[in-house]
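I am opening the notebook on this entry. My notes follow in the order in which I looked things up.

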Amino acid sequence: MDEKEKMVEMYKRMNEARSFEEKVSFFFARGMVHGTTHLSVGEEASGVASCMALEAYDLITSTHRGHSQVIGKGIDLNKMMAELLGKATGYCKGKGGSMHIADIKAGNLGANGVVGGGHGIAVGAALTQKLKKTGKIVLCFFGDGAANEGSFHEAVNLASIWRLPVIFFCENNFYGMSMPLSKHMNIKDIVKRAEAYGIPGYIVDGNDAVAVYRKVKEAAEYVRSGKGPVLIESKTYRWLGHSKSDANVYRTKEEIVEWKKKCPLKRFRAYLLKEEILTEEEADAIERKAKEDIEKAVEYANNSPEPPIGTLLEDVYA
Amino acid sequence: MREITYAEAIREAMSEEMRRDENVFLMGEDVGLYGGAFGVTVGMFEEFGEERVRDTPISEAVIAGAAAGAAVTGMRPVAEIMFMDFTTIAMDSLVNQAAKMRYMFGGKAKVPMVLRCPAGSGTGAAAQHSQSLEAWFCHVPGLKVVAPSTPADAKGLLKSAIRDDNPVIFVEQKLLYRKKGIVPEEEFIIPLGKADIKRKGTDVTIITYGRMAESVLSAAADMEQEGISIEVIDPRTLVPLDRETIIESVIKTGRAVVVHEAVKTGGYGGEIVSAISESEAFDYLDAPVLRIAGKDVPIPYNPELEKAAVPSVAEIKEAVRKVMNR
């Protein structure tokens with residue numbers, strides 16, 4: 001894929017992420033899906049563009065708010081929707097759900113239900129790449145909340161002293177569930193912490209797909225060259241609540257409206273049109289196709305079988 | 001037959017596996033040049049180099065987490081947690097990550113890692129460096145738990161653990177590190193999930209593992225003089241547990257005592273007792289099954305208090321007499 005094709009693909013995946021989550025949100029609001037989910041609507045540029053800047057063979061660790069991330073990495077939407085609906089055809093045979101979408105072969109080492117749970121896994125995966133000299137790198141997604149977990153400190157420090165090929169990619173959406181960043185840490189920019197580990201750190205506008213793409217691309221080159229990890233802080237915002245049961249009492253409607261004006265999809269579309277990478281018609285077609293593909297995924301998931309009860313005890317051990 | 005120590009046996013197992021398979025590597029605090037807090041890895045840094053014998057910072061969460069990440073991407077890490085007590089800091093990596101990845105990803109992950117955990121009391125290190133926490137890990141589906149009592153078992157089981165495709169918690173006994181035992185010079189492995197009858201007997205079955213096996217065998221030898229014949233079974237692996245060997249023995253003897261160093265409440269002994277009472281062996285019991293275990297206290301510093309906190313040979317004998325006199 002050349003750069004232009006990548007941009008088009010990126011726009012496609014961002015639309016898929018948006019449509020996927022709008023559909024999931026609809027299901028949850030009506031109680032049509034069991035369990036819970038954490039939506040990343042508003043954060044699509046961050047999740048998708050960062051993955052698109054990697055090589056297809058690179059690896060990621062994803063988070064509980066990971067739909068945009070794993071769609072960005074490249075995923076079969078049918079199998080993903082099936083997993084959310086708990087079906088046997090899902091990525092995890094219906095045993096993982098929204099918080100555990102994984103596709104090890106394709107380099108997605110798994111979303112994680114534990115805040116900060118992916119830090120160590122990413123570092124270990126990066127160690128494998130270094131020991132086996134594969135030339136692959138690992139991008140570790142986490143949020144502003146996870147930056148306060150002890151695992152963050154241990155993992156970044158270890159990756160730094162061992163010069164492991166990891167990009168620590170912080171999606172700072174300014175809230176750890178209900179607690180605003182201004183209250184949960186005493187610094188404005190998480191990237192400041194990079195200095196404490198002796199690694200480079202960069203801030204990027206997480207709602208600007210092109211900026212995210214370029215910054216991760218640059219970081220990937222650095223990391224791949226064996227110089228050690230990089231911390232990127234991608235400032236973005238989730239439009240919806242933390243999870244399905246969130247009434248948004250901790251933030252104002254005005255704040256949400258302000259951020260909606262910075263919609264990453266609209267912004268990227270404007271860029272693609274201005275740069276004449278897409279025409280209005282082509283952009284419309286991509287958006288329409290994304291919605292259709294999500295409908296198809298829903299149909300696939302609905303028509304898929306439930307996992308047989310007999311599979312309950314399978315796959316605990318290898 | 002040659003004799004080597006428990007620590008040497010563990011070192012041999014790791015060295016042989018590292019020579020056999022380049023994906024095996026070590027990581028942990030001071031495991032490199034220093035040779036490990038208990039000297040288990042002495043000389044390995046020199047043979048295998050710093051890439052494969054990796055000193056880590058004092059960061060237990062990421063030692064276990066990185067082991068899981070390396071394992072799921074194709075390596076076979078053997079990580080050391082300096083004292084089993086410090087697995088508390090690594091718990092998320094072990095319980096929520098390593099143990100769950102395979103199941104929650106629908107069987108598409110393999111996590112072939114070993115976490116070596118020096119455990120147990122008797123070193124005067126008090127409450128935070130002396131615990132036997134194996135029961136916690138037995139309570140987590142997805143983990144295997146191994147607790148060898150002899151140098152030969154330690155070697156054969158560790159080699160199996162390294163070759164196993166699952167996360168294995170390998171409970172080593174600090175007080176056994178310097179104890180010698182016969183270990184064959186030729187290569188051998190001991191499969192996980194297979195108990196060993198450490199002594200044949202007909203009157204009472206004692207099920208024990210780890211450091212207590214020595215005390216139980218000593219009690220059994222003494223009681224032979226009193227005319228009581230004790231069969232000693234060491235399951236060696238707690239998960240998976242070889243229930244058959246235990247049940248068969250109890251059917252034969254009709255009496256059972258379970259002995260471990262870990263505290264009694266919530267200890268693995270309860271699981272072994274249940275395995276007996278849920279089986280056909282229940283119908284053959286002539287006495288209640290007793291548990292002789294550590295007292296429900298943190299391990300104290302004073303040497304006499306410390307000794308009193310874990311089962312003694314005298315207590316084991318008393319329990320045997322109790323089940324015999326019913």
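Is B:K307 buried or exposed? I looked it up, bearing in mind that this is a predicted model. B:K307 has a relative accessible area of 56%, so I note it as exposed.

**Salt bridges, chain B**

I then checked the partner of B:K307. Its side chain meets that of B:E304 in a salt bridge, 3.5 Å from N to O. Both residues sit in helix α11 of chain B, three residues apart, about one turn of the helix. B:E304 also counts as exposed, with 53% relative accessibility. I also traced a network here: salt bridges with shared partners join B:R2, B:E12, B:E16, B:E17, B:R20, B:K155, B:K159, B:R163 and B:E187.

Next I took B:E315 and B:K295. Their side chains form a salt bridge at 3.0 Å, N to O. This pair links distant parts of the chain, 20 residues apart. I find B:E315 in helix α12 (313–324) and B:K295 in the loop between β14 (290–294) and α11 (303–309), in chain B. B:E315 is partly exposed at 24% relative accessibility. B:K295 is partly exposed too, at 36%.

**Salt bridges, chain A and overall**

In chain A I looked at A:K12 and A:E16. Their closest N and O atoms are 3.4 Å apart, and the pair is a salt bridge. Both lie in helix α1 (residues 3–29) of chain A, four residues apart, about one turn of the helix. A:K12 is partly exposed at 29%, whereas A:E16 is buried at 6%.

**Domains of chain B**

The domain assignment gives domain 1 (3–182) and domain 2 (196–324) for chain B. I put their C-alpha centres 26 Å apart.

How many salt bridges cross the interface of domain 1 and domain 2 of chain B? The rule finds three. I also looked up B:D153 and B:R236, a salt bridge with its closest N and O atoms 2.9 Å apart. Polar contacts across the domain interface of chain B come to 14 residue pairs.

**Single residues**

Where is A:R238? I find A:R238 in the loop between β7 (230–235) and α10 (253–260) of chain A. A:R238 is buried, at 0% relative accessibility. Its side chain reaches the backbone oxygen of A:M177 at 2.8 Å. Beyond its sequence neighbours, A:R238 has contacts that include A:E43, A:R65, A:D246 and A:Y250.

A:Q129 lies in helix α5 (residues 118–132) of chain A. I note A:Q129 as buried, at 6%. A polar atom of its side chain lies 3.1 Å from the backbone oxygen of A:A125. The side chain of A:Q129 also makes a polar contact with that of A:T134, at 2.7 Å. Among the contacts of A:Q129 I find B:T73.

Last, B:I89. I place B:I89 in the loop between β4 (76–80) and α4 (91–98) of chain B. B:I89 is partly exposed at 44%. Beyond its sequence neighbours, B:I89 is in contact with A:E154, B:E60 and B:A61.

How values were computed: Residues numbered from 1 in each chain as written. Chains lettered and ligands numbered in written order. Predicted model: local features only at pLDDT ≥ 70, side-chain atom pairs only at ≥ 80, totals over all residues. Heavy atoms only, no water. Domains from an automatic or database assignment. Salt bridge = Lys/Arg side-chain N within 4 Å of Asp/Glu carboxyl O. Polar contact = N/O pair within 3.5 Å; in protein donor to acceptor, adjacent residues only side chain to side chain. Helix = DSSP H or I, 4+ residues; strand = E, 2+ residues; numbered from the N terminus. Buried < 20%, exposed > 50% of the residue type's maximum accessible area, 1.4 Å probe, protein only. Contact = heavy atoms within 4.5 Å. Lists of a residue's contacts leave out its neighbours within four places in sequence.
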